[in-house]
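Consider the structure shown here.

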Amino acid sequence: MKNTSRILIALAAISFLVSCNNQVAPAIPADKGIEAKVEKTLKGMDLDAKIGQMVQLNIDLVTDDKGLDEAKMARVFGHWKIGSILNVYKGQAQTREKTAELISGIQEASMKYIGIPCIYGLDMIHGASYLSEATFFPQEVNIAATFDPVHAENMGRVMAYETRAAMCPWIFSPVMDLGRDPRWPRLWESFGEDAYLQSVMAVAETKAVQGEDPNEIGPEKVAACLKHYMAYGAPWTGKDRTPAILSEQDMREKFFRPFKESIEAGALSVMVNSASVNGVPTHANKTLLTDWLKDGLNWDGMIVTDWADVNNLFTREHIAADRKEALALAINAGIDMVMEPYDTLCCVDLKAAVEEKLIPMSRIDDAVRRVIRLKYRLGLFENPVWDTSAYDKYASEDFAAQARQAALESEVLLKNEGVLPIKKGSRILVTGPCANYMRSLSGGWSYTWQGTNDPAYVGRFNTIYEALSNKFGSDKVRYVPGVVFDESNWQVDKEQGISAAVSAARQADVVVACLGENSYCETPGNIDDLNLSENQKELLKAVASCGKPVVLVLNEGRPRIIGDIEPLAQAVVDVMLPSNYGADALAELLSGDANFSAKLPFTYPKHINSLHTYDYKVSELVSTMVGDYNYDAVMDVQWPFGTGLSYTSFEYSDLRCNKAEFKSGDVLEFELALKNVGEMAGKEAVLLYSSDMVASLVPDVRRLRAFDKVSLEPGESCLVKLSVPADDLAFVGLDGKWHLEKGSFRFAVANCSITLECTETTIK
Ligand code: BGC
């Protein structure tokens with residue numbers, strides 16, 4: 001063989017090896033059978049058919065007051081060849097039979113007119129929100145507070161089953177936005193402020209929703225849609241859908257992580273953040289959509305816009321002159337399906353953009369392949385409809401028990417000066433706007449978008465007042481509202497008998513004051529003041545003035561500031577949004593029939609100008625310090641991330657690691673002894689943090705690296721094992737690479753800590 005040939009062969013081999021090394025393994029391995037069918041279907045489609053598959057409309061466009069409208073369906077499917085429909089008939093929950101009937105009719109029309117099944121999508125966060133008898137778990141922020149992914153798993157499994165039982169194959173869940181700004185009205189929709197906790201919960205939920213094989217979604221599973229990609233949870237104004245300004249470090253280390261890990265766990269679709277990040281609307285951000293997500297993770301799933309967000313590129317963001325230009329920007333950036341809820345003329349603009357070569361045909365084909373692939377993976381071509389009567393576990397007692405257990409483990413005891421548990425036989429006054437109200441327990445995405453509960457659906461569940469009456473006896477429990485919510489404007493509450501509440505408090509042994517927020521969702525939930533309302537604070541001050549012990553129950557989707565009234569309460573419980581079984585769970589906990597075990601998944605602020613997350617930079621403390629330039633100042637928050645008390649006490653000791661020194665590729669195996677030294681059985685969430693003592697970029701003061709939840713009887717001990725891959729300790733450097741730097745790392749669990757040495761710097 002001539003030398004040149006040898007060189008060429010060697011070069012080819014090297015370049016093959018290099019390309020293999022650079023090639024990220026597919027997030028979802030391709031299924032050859034499905035891919036062949038996708039190609040065949042694509043070949044049979046003309047441009048109009050392709051464009052139709054890329055558009056999603058709201059159900060209003062195919063229905064009228066009486067149900068499905070045949071003429072509208074002929075137009076939507078016959079003429080426009082629309083590929084997807086979303087959400088809910090008449091804007092409110094329907095029975096599963098009605099939902100199944102509507103979706104079956106839609107599938108029939110889609111098969112008749114297009115020969116391709118429709119993919120129907122429903123919004124839900126904590127249960128099948130738009131099905132009137134479905135099982136509602138606590139909201140995601142509560143699930144995070146359990147620090148036990150089994151609850152995310154249960155929620156995902158039940159939600160998928162009940163959605164499938166209503167003929168729907170696709171849900172817009174889980175949310176993994178990182179609620180890092182307490183002012184943001186969607187904080188409660190995600191698993192708190194920490195990236196690791198968020199990832200663990202999101203992955204557990206994703207797998208439970210979809211099952212083990214993303215190429216073959218089973219009959220009790222549905223496709224997940226991760227949202228809202230990405231960095232939606234940190235708007236600098238604190239208001240919904242407003243810009244985020246973030247470092248590349250925070251973007252990659254924190255906001256990207258739950259999406260990456262959920263996609264690696266097989267997630268089939270993603271919905272995009274409505275806002276802009278660092279000046280680029282996410283819907284037009286090719287780097288985030290294509291480079292990071294599709295190419296970077298070698299992911300062949302589908303990306304859908306959020307509600308009318310292509311339009312926002314020209315009407316609100318002003319980065320395009322009209323819809324045609326906006327569509328080109330979005331599709332070229334990586335959008336595959338346009339949620340254009342009300343306007344079919346979007347198809348005309350999209351076609352024009354293709355014909356004018358603003359969007360290459362290759363991009364259209366890629367987008368359509370992704371839509372069609374999803375439909376094949378869901379088995380919709382073979383079974384566009386199925387027998388929903390077989391789903392006999394729908395709304396079962398078994399599912400309710402799982403939701404109740406999640407609620408029980410999600411309510412956080414923040415303060416207890418001996419008043420809890422409330423002794424049986426005590427006379428209890430229950431007061432406050434959340435005391436006898438179902439709507440505040442669930443929050444948004446419950447029966448309706450804004451959570452404006454229909455009493456017909458929630459009448460069978462207990463309010464806090466009802467649950468306490470059941471537990472302590474109706475002759476012992478009295479309800480005087482003091483303050484009530486205004487039904488027509490969620491932000492407004494009004495005084496209703498504070499003096500009557502004071503008189504009742506005088507007759508009681510203990511006051512349970514249920515304060516917080518009415519339900520809201522998205523932009524309508526924006527507020528101008530994070531402080532709890534004046535009326536509610538007045539109520540608490542008034543009842544506390546009677547000298548009776550006060551248990552403050554916070555029922556709220558985000559931590560409203562209560563710094564001035566907290567000292568007046570002898571106990572504080574943050575139930576957040578525990579939903580339909582939340583009041584029963586609270587009664588169990590307040591009576592001591594069950595023990596608290598939840599911990600805060602966010603930092604509870606004390607002052608409006610001192611909003612921090614637990615993984616702050618030391619220099620941030622300047623904003624909370626007392627005195628000048630005191631870098632030893634401690635963070636002045638109401639309750640730190642991870643706070644959560646119990647009726648028992650746990651003793652931590654003997655934290656050790658299998659290595660004193662480590663480097664990239666190692667796995668650090670930690671062990672510690674945990675003992676229940678109190679008198680009641682309890683569960684404890686054990687949280688392990690790391691601190692990088694010296695780094696070339698300012699390190700966060702600490703980061704959560706692992707956790708576990710264990711159950712111990714009084715006097716019982718156990719060994720808790722936690723493992724941390726050394727590479728998890730790396731950070732993104734200024735060069736955009738991951739740096740694990742030589743030097744000391746401190747690891748802490750409760751009051752125990754050890755310092756380990758990283759012996760070499762690795763940059764990847
Ligand atoms: C929300 C999404 C939701 C979508 C569809 C948007 O307004 O931001 O979370 O999935 O509407 O209803």
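How far does a polar side-chain atom of Asp123 lie from an oxygen atom of the ligand? The distance is 2.4 Å. A polar contact here is a pair of N or O atoms within 3.5 Å; within protein, one must be able to donate a hydrogen and the other to accept it, and residues adjacent in sequence count only if both atoms are side-chain atoms. For Arg241, a polar side-chain atom is 2.7 Å from a ligand oxygen atom, and for Asp306 an N or O atom of the side chain is 2.6 Å from an oxygen atom of the ligand. Of the ligand's 310 Å² of accessible area on its own (Shrake-Rupley method, 1.4 Å probe), the protein covers 94%.

The model is predicted: local features need pLDDT of at least 70, side-chain atom pairs count only at pLDDT 80 or more, and totals for chains, interfaces and linings use all residues. Residues are numbered from 1 along each chain as its sequence is written, and side-chain values use heavy atoms, with hydrogens and water left out.

Around the ligand (a heavy atom within 4 Å) there are 13 residues, of which Asp123, His228, Arg241, Asp306 and Glu522 come nearest.

His151 sits in helix 7, residues 149–164, a DSSP run of H or I with at least four residues. His151 counts as buried because its relative accessibility is 3%, where buried means under 20% (1.4 Å probe, protein chains only). Not counting residues up to four places away in sequence, His151 touches Phe137, Ile143, Thr146, Gln405, Ala406 and Glu409, with contact meaning heavy atoms within 4.5 Å.

Technical notes: Helices (H or I, at least four residues) and strands (E, at least two) are DSSP runs, numbered from the N terminus. Buried means under 20% relative accessible area, exposed over 50%, partly exposed in between (1.4 Å probe, protein chains only).
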